[in-house]
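Work through the exercises below with the sequence and the model at hand. Each task is followed by a solution in steps.

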Amino acid sequence: MITAFRKTAETFQAGAKTLPQRYFVSPAVFAEEQEKVFSKQWVLVGHQSQIAKSGDYFTAEVAGESLIIVRDKRAEICGFYNVCRHRGSRLIENRKGQLSAAIQCPYHAWTYGLDGRLLGAPHMDDVLGFNKTDYSLHPVNVALWEGFIFVNLADASTSRSNRDYISLEEWFAPLAGKFARWNLPALLSARRIKYDVRANWKLIFQNYSECYHCLGVHPELSKISPHDSAENDLIEGPFLGGFMRIASDKSLTISGHTCALPVGDFGDEDFRFVFYYSIFPNMLMSLHPDYVMVHQLEPQSPERTLILCDWFFHPDAFNRVDFRPDDAIEFWDMVNRQDWHVCELSQQGISSRAYVPGPYSARESIPAAWDREYLRHLR
């Protein structure tokens, strides 16, 4: 059913070049990105399966802000700034966990419900005019797309007038139904690996968006998925990518064989393709027939990026004797580390006084398109 994916004639803009050095090394540019991109766009922070039960939570960092993502007593997913309304203490230190019924500040024991309401504030009853309803946790916009949790730090109540804020439903409208066959909301992560990469976050996107480098950098990958088989169907805007072919009777695993139950109902033709898409500004999604790999980027500085990589499988696969998730995880951990190495080499070279922007090849049309989208948001 490849025909279900709208294929667009891809054009390459002659003369396109890589970005100037300042976009990869300048603290001022990095601060501008945090303000104009990560503080205003929908940013991936996790998957709904991470907080399956009421009281489950995880913390996330977006644009330098610590956030609490929690499932409340009504099973709704909520997001709050990780800041006590009393004297500003950080409320939760752990990356993830389970809250029995409330969030309690470790400093002066102010206590909040899972919905953010202030429930208790010791010794504040004697303070004239104090009203607990005035001191709920500051909320953050939270919404789901295909089971993935996104947050937006823009103030929805004031931003509509100046067009800074767009709902998640509006943002993802161009992708409506595109990934339905992969059953993304129902999938479960078998493992997460955290990578600390000494490279600018944009280099990660650009590397992911082309296979011009694959034959030399990824010989194992190229044997299974030909480096020159890429066809792109999203070629402009915040969502970019397409598909590559998988060799007959092969899978992108160490063994070369499928490692799990198919994540969806695929025909024989579609079982020979893997789909790669970048979702601006911090999500990379690789859709295989038997698993889905997702990279979540967390920029730390102009020259450092944390990457959280999850491997998602069909929930029924976990109970089968033929489930071999490590076959896929070890394969992509190898490929990931190959990518991170060349990204770090790029960062080192770009930091040199000798660096000047170089020309993109015709096989790098998606990185060039990504640059245009990035600059549109920055300007």
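The sulfur of C309 lies 13 Å from the closest cysteine sulfur, in C259, which is too far for a bond. This is a predicted model, in which local features need pLDDT of at least 70 and side-chain atom pairs count only at pLDDT 80 or more, while totals for chains, interfaces and linings use all residues. Residues are numbered from 1 along each chain as its sequence is written, and side-chain values use heavy atoms, with hydrogens and water left out.

**Exercise 1. Find which cysteines are joined in a disulfide, and state its handedness.**

Step 1. A disulfide is a covalent bond between the sulfur atoms of two cysteines. The cut-off applied here is a pair of cysteine sulfur atoms within 2.5 Å.

Step 2. Searching the whole structure gives 1 disulfide. Its partners are C211 and C214, with an S to S distance of 1.9 Å.

Step 3. The disulfide is left-handed because the torsion about the S-S bond of C211 and C214 is about -110 degrees.

Step 4. C259, by contrast, is in no disulfide, and its nearest cysteine sulfur is that of C309, 13 Å away.

**Exercise 2. Decide whether C211, C214, C259 and C309 are buried or exposed.**

Step 1. Buried means under 20% relative accessible area, exposed means over 50%, and partly exposed is in between (1.4 Å probe, protein chains only).

Step 2. Both C211 and C214 are buried.

Step 3. C259 has a relative accessible area of 0%, so C259 is buried. C309 is also at 0%, and is therefore buried.

**Exercise 3. Describe how strand β15 is enclosed, and which strands pair with β15.**

Step 1. Strands (E, at least two residues) are DSSP runs, numbered from the N terminus. Two strands pair if DSSP finds at least two bridges between them.

Step 2. Strand β14 (residues 273-279) runs antiparallel to β15, joined by 5 bridges. In this pair, S278 stands opposite L284.

Step 3. β15 and β16 form a hairpin with 4 residues between them.
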